[in-house]
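Me: I have a fold to read. Please take me through its features one by one.

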Amino acid sequence: MICMNGDIEDERHFMLTCTAYNELRKELFGQIRVVSGGIWCLNSMQPESLFWLLLGGSKDKYEIKIFELVKNFIRRAHQRRQQL
Ligand SMILES: [Zn+2]
């Protein structure tokens, strides 16, 4: 699948870089920061670690909450894509 800005739409692009989901992503990062009490500050993470945190989990007590938020992001991003 090709994104509207010409990039290949794969999981990485979808989760980390697709500009169509910038606002949702910003919201997600903010929510993760809040539920982890400020421990997970995703804005300062390298893309590779970020990707594995979002899909592989944080491996700490915040993991379940973070997965919930990621799931919510995917659901909303998918809805948005159908409206584009
Ligand atoms: Zn895209």
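**Reading the fold**

Reply: Start with overall size. A compact globule of 84 residues would have a radius of gyration near 12 Å, and the protein chain has 13 Å, which agrees. The radius is taken over C-alpha atoms, and the globule rule is 2.2 Å times the number of residues to the power 0.38. This is a predicted model: local features need pLDDT of at least 70, side-chain atom pairs count only at pLDDT 80 or more, and totals for chains, interfaces and linings use all residues. Residues are numbered from 1 along each chain as its sequence is written.

Me: How many helices and strands does the protein chain have?

Reply: Elements are DSSP runs numbered from the N terminus: helices are H or I, at least four residues, and strands are E, at least two. Here there are four helices and zero strands. The order from the N terminus is α-α-α-α.

Me: What share of the 84 residues is buried?

Reply: Buried means 20 or more other C-beta atoms within 10 Å of the residue's own, with C-beta atoms placed from the backbone; exposed means 12 or fewer, and partly exposed lies in between. In the protein chain, 12% of the residues are buried.

Me: At what angle do α2 and α4 pack?

Reply: Axes are lines fitted to C-alpha atoms over the stretch in contact, and angles run from 0 to 180 degrees between N-to-C directions. Helix α2 (residues 22-35) and helix α4 (residues 63-83) pack at about 165 degrees, axes 10 Å apart. Therefore α2 is roughly antiparallel to α4 (the term applies to angles over 145 degrees).

Note on methods:
Parallel < 35°, antiparallel > 145°, perpendicular 65-115°, else oblique.
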